[in-house]
Amino acid sequence: RQRQMCIRDSISVIDEQHAWIAGSSGIILYTADGGITWELMDTYAQLHFSAIHFSSSQHGCIVGWSGEVLDSTVVLVTNDGGQSWQSKEHPQGNYLYDVFFINDTRGWAVGISGVVGWIIFTDDGGNTWEHQMETLGVSGELFGVHFRDDVVGQICGVYGTFLLTNNAGTIGNGWAVNISLPTLGKDLYDLFDYGAMKGWIAGEDGTIIYTQDNWTNWDDQESGTDNDLNGVSGDEIADKFWAVGDAGTIIHKAGWLVGWTPQSSGVNEDLNDVEFASSEVGWAVGNNGTILKFTTGPVGIDEVEECQISIFPNPCTDNTLLRLTINDQRLTICDIYSISGMKVRRLFEEELL
């Protein structure tokens, strides 16, 4: 089956201030101020971008397809921080769905060609590409690729397809099917490896899978949703993770002993990708130009010297009034969230003292 991935936007986060978005309509966006403003860097008419990845502030890669002919995959590379993009020759397939560079030199892109999963590899920053697994084809689309280091990585795909390599895919067939994962019958859309052994997979019908031993064993967890989960990311140092999916779905996990909990996105659009710069700042992107930012601190305030919250009466009653002041300036809008991250109510200026 063909998943309709042509309406998929992707984000690559460099740090808390700098991030890139590649749009399904062929647009490239960039922010240098933490998402307060986004600059349209380029537009490529007739192209569909499905994934973007920056390995550093200067080196990035975008993959997708043109849709005009059967073998129409597209690879663009920048080496000057996105100021210019060059189209690179590569073994052509039907669609490329994801791309990942472990450094500015070595990278992989995955997709499909005909009915066979498609893997291409570069060891020179994306200037030249070669096809991997030429003599051992895997049926169906490959949707996600991620590496722990320059040789150990995984690929996920349709009907529970999961591939591993410990040699960058460069020796022999290079990739092996992981028989430890179940025959889920569920499409696996994204994976996020971290540390030496741990990782997450997100997929169809709320599928969320975890490993502590580099996918020798796995734990199929309860996500609390039946919606497709299209992206997973997080902050390994803080042990906090997020997955996003269809109909504005966002779920969050903080620590191994805590289950996945829903968070309010405030939108109904399908969310296609998520990436975090830290446990305090992250972005999600979705259909129809949807861009969401997560932050645990104030947004759009350069320096916070004092934050004062006044509550009347105290203790609270059903008719509690709030006054919020930051740097002697009153806030005109206040969003109130529950401890689980669910937005309870938005207060406007006339409701604040």
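Ser12 has its place in strand E1, a strand being a DSSP run of E of at least two residues, numbered from the N terminus. The structure is a predicted model, in which local features need pLDDT of at least 70 and side-chain atom pairs count only at pLDDT 80 or more, while totals for chains, interfaces and linings use all residues. Residues are numbered from 1 along each chain as its sequence is written, and side-chain values use heavy atoms, with hydrogens and water left out.

With a relative accessible area of 0%, Ser12 is buried, where buried means under 20%, exposed over 50% and partly exposed in between, for a 1.4 Å probe and protein chains only. The side chain of Ser12 reaches the backbone nitrogen of Phe54 at 2.9 Å. Once neighbours within four places in sequence are left aside, Ser12 is in contact (heavy atoms within 4.5 Å) with Ala19, Trp20, Ile52, His53, Phe54 and Glu275.

A pocket is an open set of points on a 1 Å grid over the protein atoms alone, with protein on both sides within 12 Å along at least five of seven lines, and its lining residues have an atom within 4 Å of a point. The elements that give two or more residues to this lining are strands E1 (10–13), E5 (48–54), E9 (95–101), E13 (142–147), E17 (188–194), E21 (229–235) and E25 (271–276). The space in the second largest pocket is about 750 Å³, a volume being the space filled by probe spheres set on the grid points, which are joined across faces, edges and corners.

Aromatic pairs number 25 in the structure; rings of Phe, Tyr and Trp (its six-membered ring) pair if their centres lie within 6.5 Å, and planes under 30 degrees apart count as stacked, over 60 as edge-to-face and the rest as tilted. One of these pairs, Trp65 with Tyr95, is edge-to-face, at 4.8 Å centre to centre and 90° between the planes. Because Trp65 lies in strand E6 (residues 60–65) and Tyr95 in strand E9, this pair ties together parts that are 30 residues apart in sequence. Trp65 counts as buried at 4% relative accessibility, whereas Tyr95, at 28%, counts as partly exposed. Tyr95 also forms a stacked pair with Tyr97, at 6.0 Å centre to centre and 5° between the planes, and Tyr97 counts as buried at 1% relative accessibility. Elsewhere, ring pairs link Phe192, Tyr194, Trp200, Tyr210, Phe241 and Trp260 into a cluster.

How values were computed
1 Å grid on protein atoms, 1.4 Å probe; cavity = no way out; pocket = protein on both sides within 12 Å on 5 of 7 lines; lining within 4 Å. Helix = DSSP H or I, 4+ residues; strand = E, 2+ residues; numbered from the N terminus. Polar contact = N/O pair within 3.5 Å; in protein donor to acceptor, adjacent residues only side chain to side chain.
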